[in-house]
Amino acid sequence: MDTPVNSFNPNKHLKEQFVSNLTGSSMLEIIALATAVPVLILLRRCFCSNGMRDGNATKISSKKNDDVIVGLRSLRAYMAATLIDFLLIILPLLLFFTVSTCLEIILSEWTSVAAVLLTLLLIFLIAAKRCGAFIYLEDGVDSLRTNISSYRVSIMVVTCLCILAVDFRIFPRRYAKTDTYGTSLMDLGVGSFVLANSLVSRQARGFPMLLLTVILDRKVERVSRRTCNVAYVTFVLAQNLQVLAILMLPDYIPGHKIFVLEEAFNQNLLASFLLANVLTGVVNLFIETLFASSASALAVLVVYAFVLFLVVGLANFYGIKSKF
């Protein structure tokens with residue numbers, strides 16, 4: 001006889017099996033994914049323009065960051081820029097995180113190859129923009145603040161995409177959280193989320209705890225998110241320093257601008273995360289994610305991401321900022 005819990009959730013056992021006995025992916029693949037995220041952001045910045053102004057516009061200003069696109073902006077132009085951001089950053093990230101299994105049939109290490117090609121493209125564009133241009137480096141404090149904000153936004157964007165994607169079979173199981181030992185995208189995400197928020201926390205409890213773990217745990221062990229051992233802490237710190245280092249490259253890109261969605265997320269970071277969790281819950285209430293086909297799953301994820309980023313963008317356009 002079924003228990004009351006099982007009668008309300010007949011697929012509970014299947015879902016438990018779906019997230020069990022996972023060992024993660026290779027370190028090389030995680031490095032490639034961690035590289036692709038900031039590189040896509042910087043590629044968008046290279047193409048970011050100031051063409052969001054017209055005569056029938058709303059005046060918007062930014063007091064904290066001179067890099068933020070400011071001036072007279074119409075809603076139509078703003079939404080057009082938001083759509084471009086979505087197509088050039090969010091959609092490629094979704095494809096990176098979901099179609100890996102399909103593309104591996106053609107090329108086993110396609111993730112690494114794609115990351116290398118994107119990086120080479122970024123280097124070429126930076127070199128082209130620097131050629132014959134006068135490079136003015138920002139003040140150190142302002143530049144560091146901007147880079148840390150970009151880093152935190154990149155972590156939040158990936159988190160918002162993965163918390164729903166992981167419920168579908170199209171999301172490779174090797175990217176989901178491991179049982180005990182191993183390296184995966186979401187294992188990295190847990191530590192990165194703590195680290196990213198500790199950088200701006202007054203108490204900053206997360207970062208000292210990571211350092212304390214490194215000091216106290218001197219044994220060489222396999223990476224384990226559950227035990228938060230020295231191998232895991234080192235893994236998280238190394239990957240996050242890599243992301244932050246890549247995001248510092250805009251200091252050498254003449255005329256670069258922070259794009260619309262980056263500005264929008266930076267203004268409402270926690271509220272964006274809470275909204276993503278609410279939307280994830282709504283999707284799981286109405287859709288049996290385990291039984292969705294690859295095409296259906298990808299369609300749902302695209303709609304989910306579009307709605308999330310649309311709401312966040314509109315909130316920023318109208319000056320709505322959360323107080324928490």
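Which residues lie nearest the centre of the second largest pocket? I opened the notebook with that one, and the reply is I155, V158, T159, G189 and V190, out of 25 lining residues.

**Ground rules.** I am working on a predicted model, where local features need pLDDT of at least 70, side-chain atom pairs count only at pLDDT 80 or more, and totals for chains, interfaces and linings use all residues. Residues are numbered from 1 along each chain as its sequence is written, and side-chain values use heavy atoms, with hydrogens and water left out.

**Entry: the second largest pocket.** I noted a volume of about 480 Å³ for this pocket. For the record, the grid has 1 Å spacing over the protein atoms alone; a pocket is an open set of points with protein on both sides within 12 Å along at least five of seven lines, a cavity is a set where a 1.4 Å probe fits but cannot get out, and lining residues have an atom within 4 Å of a point. Points are joined across faces, edges and corners, and the volume is the space filled by probe spheres set on them. I then asked which elements give two or more residues to the lining, and got α3, α7, α8, α10 and α12 (269-286). Helices here are DSSP runs (H or I, at least four residues; strands are E, at least two), numbered from the N terminus. The top contributor is α8, with seven residues. By class I logged 16 nonpolar, eight polar and one charged. The classes put Ala, Val, Leu, Ile, Met, Phe, Trp, Tyr, Cys and Pro under nonpolar, Asp, Glu, Lys and Arg under charged, and the others, Gly among them, under polar.

**Entry: the cavity.** How many cavities of 30 Å³ or more are there? I count one, and the largest cavity holds about 90 Å³ of space. It has 13 lining residues, with I89, I90, V153, V157 and F259 closest to the centre. Elements giving two or more of the lining residues are α4, α7 (140-165) and α11 (260-267). Here α7 gives the most, with four residues. I sorted the lining of the largest cavity into nine nonpolar, two polar and two charged residues.

**Entry: α11.** Since α11 had turned up in the cavity lining, I checked its burial, where buried means under 20% relative accessible area, exposed over 50%, and partly exposed in between (1.4 Å probe, protein chains only). Six of its eight residues are buried, so α11 is largely enclosed by the rest of the structure. The buried ones are V260, L261, E262, E263, A264 and F265.

**Entry: salt bridges.** I searched the whole structure and found four, taking a salt bridge as a side-chain nitrogen of Lys or Arg within 4 Å of a carboxyl oxygen of Asp or Glu. I wrote up these pairs:

- E29 and R174 meet at 2.9 Å, N to O. E29 is in α3 (residues 27-47) and R174 in the loop between α7 and α8 (185-198), so the pair ties together parts 145 residues apart in sequence. Both residues are buried.
- R44 and D85 meet at 2.4 Å, N to O. The pair links helix α3, which holds R44, to helix α4, which holds D85, across 41 residues. R44 and D85 are both buried.
- R225 and D187 meet at 2.5 Å, N to O. R225 sits in the loop between α9 (206-216) and α10 (230-247) and D187 in α8, so parts 38 residues apart in sequence are tied together. D187 counts as buried, at 1% relative accessibility.

Entry: I picked out L88, in helix α4, and it counts as partly exposed at 39% relative accessibility.

**Entry: two single residues.** C228 has a phi near 50°, a positive value in a residue other than glycine. I placed C228 in the loop between α9 and α10, partly exposed with 28% relative accessible area. Q239 lies in helix α10 and is buried at 6%. I also checked Q239 against I31: their C-alpha atoms are separated by 7.0 Å, though the two are 208 residues apart along the chain.
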